[in-house]
Amino acid sequence: MKLPRRRFLHLAAGAAALPALSRIARAQTYPSRPVRWVVPFPPGGVTDIVARLMGQWLSERLGQPFVIENRPGAGGNIGAEAVVKAAPDGYTLYLSSSPNAISATLYDNLNFNFIRDIAPVASISISPLVMEVNPSVPAKTVPEFVAYAKANSGKLNMASNGNGTTSHLAGELFKMMTGINMLHVPYRGAAPALTDLIGGQVQVMFDVMASSIEHIRAGKLRALAVTTATRSEALPDVPNVGEFLPGFEASAWQGVGVPKNTPTEIVDKLNKEINAGLADPKIKARLADLGNIGLALSPADFGKLIADETEKWSKVVKFSGAKPD
């Protein structure tokens, strides 16, 4: 049976439109069941708190539970690999963070490529680090510390949260840009590192502000500078490292990723709702309490941030010779 040409073209056009209509309908009904959100760090840390804060917002806005699943280990790589292998349907999210940019170079044999295999959805926040010293260190400013470190080359101990962490690499970036020599002492987390910094066993640390700020306010530690490009509202009188060392910037950032090939309509819907959350006064205040700064970006801009950070930290990893724990 032959169809009239006009009828045939009408049917062909309708068939071609079906995939687009299907995608739109899928985005409109998403989510229709609970969403799993993989956080690659233990419960209770800043990254976990940020995910739970935004997960609650998304649950309220989209009418389905966003269930946090903590899968720590290997600098975030265990959780990332689980998400890479998940179905690209919007029902598995990943809490992307700065360790992912570091791990791309730090680990030699990953079973995935983060930039290729995890699609960026939205950034959430940036956590400033603070360069802090034990009060026994005579330096009161970054230039004084550099002069003191050069006068005591190899004698100062620099604590970190562990090999290959943002805390470690921020210190290595500082060493690389100033030419000073300090001994890196890795710990398993911020708590034991801060204990020894306060006790004077180590002299300096670059730590996420949220875990250090109360010690700074209590006078147990001295903040020399924050590591973001601008000063922090939480410590407004503390300069940023870049004021003395142009071009220096280091921060711990958090965001959301999904398996590659997740429908664009779902990615865009999540991005819209997350950015709406970042504009909410209650979420802004809670992030500020954690020492974080909200960061609302498009998926493309968040992807650029990840790529830029991966390139930057690859140079620092190679310079320092850092190896994973």
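Colleague: I am new to this structure, so let me start with one residue. In which loop does Ala 74 lie?

Modeller: Welcome! Bear in mind that this is a predicted model. Ala 74 sits in the loop that runs between strand 2 (66-70) and helix 3.

Colleague: What is the phi of Ala 74?

Modeller: The general idea comes before the case. Most residues other than glycine have a negative phi, and most peptide bonds are trans. In Ala 74, phi is near 55°, a positive value in a residue other than glycine.

Colleague: Is Ala 74 buried, partly exposed or exposed?

Modeller: Ala 74 is partly exposed, because its relative accessible area is 36%, and the partly exposed class lies between under 20% for buried and over 50% for exposed.

Colleague: Which loop holds Asn 261, and what is its phi?

Modeller: Asn 261 is placed in the loop between strand 9 and helix 10 (264-278). Its phi is positive, about 75°, although Asn 261 is not a glycine. With a relative accessibility of 64%, Asn 261 counts as exposed.

Colleague: You also mentioned peptide bonds. Is the bond from Tyr 30 to Pro 31 cis or trans?

Modeller: That bond is cis, and its omega is near -5°. You will find Pro 31 in the loop between helix 1 (5-29) and strand 1.

Colleague: Let us move on to helix 3. Which of its residues are buried?

Modeller: Helix 3 covers residues 77-84, and its buried residues are Asn 77, Gly 79, Ala 80, Ala 82 and Val 83.

Colleague: What do those buried residues pack against?

Modeller: Their partners are strand 1 (35-39), strand 3 (92-97), helix 4 (98-106), strand 4 (118-133) and strand 9 (251-259).

Colleague: Could we take Gly 79 as an example? What does Gly 79 touch?

Modeller: Gladly. Gly 79 belongs to helix 3 and is buried, because its relative accessible area is 0%. Not counting residues up to four places away in sequence, Gly 79 touches Val 38, Pro 40, Arg 71 and Tyr 94.

Colleague: And strand 3? Is Thr 92 buried or exposed?

Modeller: Thr 92, which is found in strand 3, is buried, with a relative accessible area of 7%. Leaving out residues up to four places away in sequence, Thr 92 touches Arg 36, Val 38, Val 83, Ala 86, Val 258 and Pro 259.

Colleague: Now for strand 4. How many of its residues are buried?

Modeller: Strand 4 is mostly covered, since 15 of its 16 residues are buried.

Colleague: How should I read its pairing with strand 9?

Modeller: Look at the direction of the two strands and count the bridges between them. Strand 4 and strand 9 pair in the antiparallel sense over 9 bridges, and Ile 118 stands opposite Pro 259 in strand 9.

Colleague: Which bridges join strand 4 to strands 7, 8 and 10?

Modeller: Let us go through them in turn. Strand 7 (residues 204-208) runs antiparallel to strand 4, joined by 5 bridges, and Val 133 has Val 204 as its bridge partner there. Strand 8 (residues 222-226) is antiparallel to strand 4 over 4 bridges, with Ala 225 as the partner of Met 131. Strand 10 (residues 293-294) is antiparallel to strand 4 too, joined by 2 bridges, and Ile 126 is partnered there by Ile 293.

Colleague: What is Phe 174 in contact with?

Modeller: Setting aside neighbours within four places in sequence, the contacts of Phe 174 include Met 131, Phe 145, Phe 206 and Phe 248. Val 142, Val 146, Ile 180, Val 241 and Leu 245 are also among them.

Colleague: Last topic: at what angle do helix 2 and helix 10 pack?

Modeller: Two packed helices are described by the angle between their axes and the distance between the axes. Here helix 2 (residues 46-62) and helix 10 pack at about 115°, with their axes 10 Å apart. That makes helix 2 roughly perpendicular to helix 10, and the crossing is right-handed.

Colleague: Which residues of helix 2 meet helix 10?

Modeller: From helix 2 they are Met 54, Trp 57, Leu 58, Arg 61 and Leu 62. Their partners in helix 10 include Lys 269, Leu 270, Glu 273 and Leu 278.

Conventions. Residues are numbered from 1 along each chain as its sequence is written. This is a predicted model: local features need pLDDT of at least 70, side-chain atom pairs count only at pLDDT 80 or more; totals for chains, interfaces and linings use all residues. Side-chain values use heavy atoms; hydrogens and water are left out. Contact means heavy atoms within 4.5 Å. Buried means under 20% relative accessible area, exposed over 50%, partly exposed in between (1.4 Å probe, protein chains only). Two strands pair if DSSP finds at least two bridges between them. Axes are lines fitted to C-alpha atoms, for helices over the stretch in contact, and angles run from 0 to 180 degrees between N-to-C directions. Angles under 35 degrees count as roughly parallel, over 145 as roughly antiparallel, 65 to 115 as roughly perpendicular and the rest as oblique. A crossing is left-handed if the near helix is turned anticlockwise from the far one by less than a right angle, and right-handed if clockwise.
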